[in-house]
Amino acid sequence: MKDKKFISYLFEVAWILPSVAIPVSMMVAILVTAFAVGVRVPTSAGRVSVSAVAAGTDTIFSQPGLREIAPGRYEAIITAQTFMFTPNTIEIPAGSKVTFILTSKDVIHGFKIEGAPINVMVIPGQISRVTATFDKPGEYLVVCHEYCGAGHHVMSGKIIVN
């Protein structure tokens, strides 16, 4: 009888330990990515008129491109529209900190930079702002990760770090 109670106890422990360990390990993974790795949920940096962006009369997005705001710090103003990013290619020096300011002219797009901690939804009428530092020289592929139509698979760009 004593052996049956001990076996029953082992089975209970075998079920209780994973039921506690799994949620704890998930919470640890979330905390590590949030604080140690620096992965953040991008927030809306404001609103913009979609018709003004599409017409090119919006003050922020009328001249998309890269501009230096301080030594080693840049702002990249980018618009997304069906099957393309404007500008399509951005060149920056290694070690630069770049703040990407994005919006869409038409539908929801995605903006993901391979090899960098940037993955943002680009929504019409909303300004998204996200920052990353590019220490390693090379080419970083930019892709749209939200289906935006029949030519979605060709929507890409690149960041060139010299």
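The legends below describe close-up views of a cavity and of the salt bridges in a predicted model.

The model is predicted, with local features requiring pLDDT of at least 70 and side-chain atom pairs counting only at pLDDT 80 or more, while totals for chains, interfaces and linings use all residues. Residues are numbered from 1 along each chain as its sequence is written, and side-chain values use heavy atoms, with hydrogens and water left out.

**View 1. The largest cavity and its lining.** A search of the whole structure finds 1 cavity of 30 Å³ or more, where a cavity is a set of points, on a 1 Å grid over the protein atoms alone, at which a 1.4 Å probe fits but cannot get out, and lining residues have an atom within 4 Å of a point. The space in the largest cavity comes to about 50 Å³, the volume being that filled by probe spheres set on the points. Among the lining residues are Ile78, Phe85, Phe111, Val142 and Ile159. The lining divides into 7 nonpolar, 3 polar and 1 charged residues; here Ala, Val, Leu, Ile, Met, Phe, Trp, Tyr, Cys and Pro count as nonpolar, Asp, Glu, Lys and Arg as charged, and the others, Gly among them, as polar.

View 2. Strands are DSSP runs (E, at least two residues), numbered from the N terminus.

**View 3. A network of salt bridges joining Arg67, Glu75 and Arg129.** The structure has 3 salt bridges, each defined as a side-chain nitrogen of Lys or Arg within 4 Å of a carboxyl oxygen of Asp or Glu. Arg67 pairs with Glu75, their closest N and O atoms being 2.4 Å apart, and Arg129 also forms a salt bridge with Glu75, at 3.9 Å between the closest N and O atoms. This second pair links distant parts of the chain, with Arg129 in strand β9 (residues 126-134) and Glu75 in strand β3 (residues 73-81), 54 residues apart. Glu75 is buried, at 11% relative accessibility, whereas Arg67 is partly exposed at 47% and Arg129 is partly exposed at 41% (buried means under 20% relative accessible area, exposed over 50%, and partly exposed in between, with a 1.4 Å probe and protein chains only).

**View 4. The salt bridge between Lys158 and Glu139.** The side chains of Lys158 and Glu139 meet at 3.9 Å, N to O. Lys158 lies in strand β11 and Glu139 in strand β10 (residues 138-143), so the pair ties together parts that are 19 residues apart in sequence. Lys158 is partly exposed, at 32% relative accessibility, while Glu139 is exposed, at 57%. Lys158 also belongs to the lining of the largest cavity.

Technical notes:
On a 1 Å grid over the protein atoms alone, a cavity is a set of points where a 1.4 Å probe fits but cannot get out, and a pocket is an open set with protein on both sides within 12 Å along at least five of seven lines; lining residues have an atom within 4 Å of a point. Helices (H or I, at least four residues) and strands (E, at least two) are DSSP runs, numbered from the N terminus.
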